[in-house]
Amino acid sequence: MNNEKIIELREKILKGIALAVEKLIHTKQKSNGELVYSKDGKIVFVKANDLIK
């Protein structure tokens, strides 16, 4: 693969990940849910409603 194809593929993958996360947040908001992730080795709970911009 040449560099242009690699850059294009990387951009498409990142765009897809961003869309998937956005869809997950909207789904969790409908059910007043929480998202759970790890930050600095600690488990963090975040309300989906708090993530809206």
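Guide: Buried means under 20% relative accessible area, exposed over 50%, and partly exposed in between, with a 1.4 Å probe and protein chains only. This is a predicted model, where local features need pLDDT of at least 70, side-chain atom pairs count only at pLDDT 80 or more, and totals for chains, interfaces and linings use all residues. Residues are numbered from 1 along each chain as its sequence is written, and side-chain values use heavy atoms, leaving out hydrogens and water.

Visitor: Is I6 buried or partly exposed?

Guide: Partly exposed, because its relative accessible area is 40%. I6 is found in helix α1.

Visitor: How are helices and strands called?

Guide: They are DSSP runs, numbered from the N terminus: helices are H or I with at least four residues, strands are E with at least two.

Visitor: OK, G33. Where is it found?

Guide: In the loop between α1 (3–30) and β1 (34–39). G33 counts as buried, because its relative accessibility is 13%.

Visitor: What is G33 in contact with, leaving aside neighbours within four places in sequence?

Guide: K28, V46, K47 and A48. Contact means heavy atoms within 4.5 Å.

Visitor: And how far apart are the C-alpha atoms of G33 and I13?

Guide: They are separated by 26 Å, with the two residues 20 apart along the chain.

Visitor: New topic. What is phi of N32?

Guide: Near 55°, a positive value in a residue other than glycine. N32 is also in the loop between α1 and β1. N32 is partly exposed, because its relative accessible area is 48%.

Visitor: What about D40, exposed or buried?

Guide: Exposed, because its relative accessibility is 75%. D40 has a positive phi of about 55° and is not a glycine. D40 lies in the loop between β1 and β2 (42–47).
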